[in-house]
Amino acid sequence: MVNSPTFVIVGAGLAGAKAAQTLREEGFDGRVILLGAEPERPYERPPLSKGLLLGSTPRADVYVHEAGWYDANNVDLRTATRVTAVDRTARHILLDDGERLGYDKLLLTTGSTPRRLDVPGADVDGVLYLRTLPQADRIAEALTDRSQLVVVGAGWIGLEIAAAARKHGATVTVVDVAELPLQRVLGDEVARVFADLHQSHGVTFRFGAGVRQLHGSGRVSSVVLTDGTELPADTVVVGVGIQPDTQLAEAAGLTVDNGIVTDAQLLTSDPHIYAAGDVANAYHPLLRRHIRVEHWANALNGGPAAARSMLGQQVEYARLPYFFSDQYDLGMEYSGWVAPDGYDQVVFRGDPTGAEGRAPEFMAFWISDGRVLAGMNANVWDVTDQIQALVRAGHGGTRVDLAKLADPQVPLGDLLGQDRA
């Protein structure tokens, strides 16, 4: 293999690990180097806010591959290793220990980092973030029936942590500047479903307020909101979003705009460098725009797509954004993409209220001019393929009969073939 090409992957998360796996499965026999800043071998992040906090997922189940897989497949995995620079002219990278590694193709799967809470007192003990396994361990230890938890941010991570905390008996208050949880993602109609769900399980929301400061001598003791309210807290979990880790790309002179900009082949502005996962702002051929997707499925599928592109295969990464969440007795899947204020109405199919003690069972569709732009199924299963077919048709210009869309007696598969714009 002395003269074989070297492919380097920077970022040993799900996207990077799956890219390495795909290179081998596709027959690449050159050198594969997978570099990760964390000391752990690659693992998946969804269990951090779900099964690990609930105690339903064994820690060993979070890893992408068994420990021996990397040696068995001749993948040079280096954990606890930071890349400090990319020299595009010489085509090598510089590691934090001074080593230089040459590459023929480079894949950046550097992921993202949590946005920090920038207020007085935010550095006291007991203020936690969730992105890594050790952080999940710390949060899990704090979730007891005696704890007073304040969650800052009513997004997916914040709500999943709130649900886990309530299962453990903690007192939970969720703070958000918006008027509803997930409002920026789902809009008012579906956001109210999640507000009702959490309130029915004992979560207190403080909407329309930010955090002014945190109090505590050594450890956090309270959270002061911008409206002057002071909330007691022995643990604060901050979930106010993430930002793509683009430092290497920016320093190397790659095009960066809300992530590393790529084409539909996941190729960056450099013909030898690719990007995938959270960090990639990739052109989506169906949506006809660049989008950056921060969810598990994008890492799962984007890493392999980038690997095939690196091998010179004809790749067009056009998977619909997809994510899932489990909160209390509600499990949901979401497929599609809607721009802010980019829909006319939400059409419900089924019961979103969960009346008379029942768990909600429904589908919701985000509509623009009769076209389905996105769909969610909550406690209704085995419909993702049909929903995605409707979404693809909608982004392609196909309208549907909205009355039939709302009617559970009409099979979803019967809805296609309506007027095309």
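How many residues does the largest nonpolar core have, and which of them have the most contacts inside it?

Reply: This is a predicted model, in which local features need pLDDT of at least 70, side-chain atom pairs count only at pLDDT 80 or more, and totals for chains, interfaces and linings use all residues. Residues are numbered from 1 along each chain as its sequence is written, and side-chain values use heavy atoms, with hydrogens and water left out.

Some terms come before the core. Buried means under 20% relative accessible area, exposed means over 50%, and partly exposed is in between (1.4 Å probe, protein chains only). A nonpolar core is a set of buried Ala, Val, Leu, Ile, Met, Phe, Trp, Tyr and Cys residues, joined through side-chain atoms within 4.5 Å. Helices (H or I, at least four residues) and strands (E, at least two) are DSSP runs, numbered from the N terminus. Contact means heavy atoms within 4.5 Å.

The largest nonpolar core has 46 residues. Those with the most contacts inside it are Val-172, Leu-186, Phe-194, Met-332, Tyr-334, Trp-366 and Met-376. Helix H6 (residues 156–167) gives the most to this core: six residues.

Take Val-172 from that list. Leave aside its neighbours within four places in sequence. Val-172 is then in contact with Leu-149, Val-151, Ala-162, Ala-165, Arg-166, Gly-202, Val-203 and Thr-204. A second, separate core has 28 residues, including Phe-7, Ala-12, Leu-34 and Tyr-70.

H6 also has a packing partner. In helix H5 (residues 133–142), Leu-133, Ala-136, Ile-139 and Ala-142 are buried. The buried residues of H5 pack against H6, and also against helix H2 (46–49), helix H3 (51–54), strand S9 (127–129) and strand S16 (235–238).

Loops can hold buried residues too. Asp-270 sits in the loop between strand S18 (260–262) and strand S19 (273–275). Asp-270 is buried, at 5% relative accessible area. Its side chain makes a polar contact of 2.8 Å with that of Arg-88. A polar contact is a pair of N or O atoms within 3.5 Å; within protein, one must be able to donate a hydrogen and the other to accept it, and residues adjacent in sequence count only if both atoms are side-chain atoms. Beyond its neighbours within four places in sequence, Asp-270 is in contact with Arg-88 and Leu-254.

Now compare His-215. This residue lies in strand S13 (residues 211–215). His-215 is partly exposed, with a relative accessible area of 30%. Its side chain makes a polar contact with the side chain of Gln-213 (2.9 Å). Leaving aside neighbours within four places in sequence, His-215 is in contact with Val-220, Ser-221, Ser-222, Val-224 and Glu-230. His-215 and Pro-232 are 17 residues apart in sequence, and their C-alpha atoms are 9.3 Å apart in space.

Most residues other than glycine have a negative phi. Ala-80 has a positive phi, near 50°. Ala-80 is in the loop between strand S3 (75–78) and strand S4 (83–87), and is partly exposed at 49% relative accessible area. Asp-382 has a positive phi too, near 60°. Asp-382 is in the loop between strand S26 (371–378) and H10. At 74% relative accessibility, Asp-382 counts as exposed.
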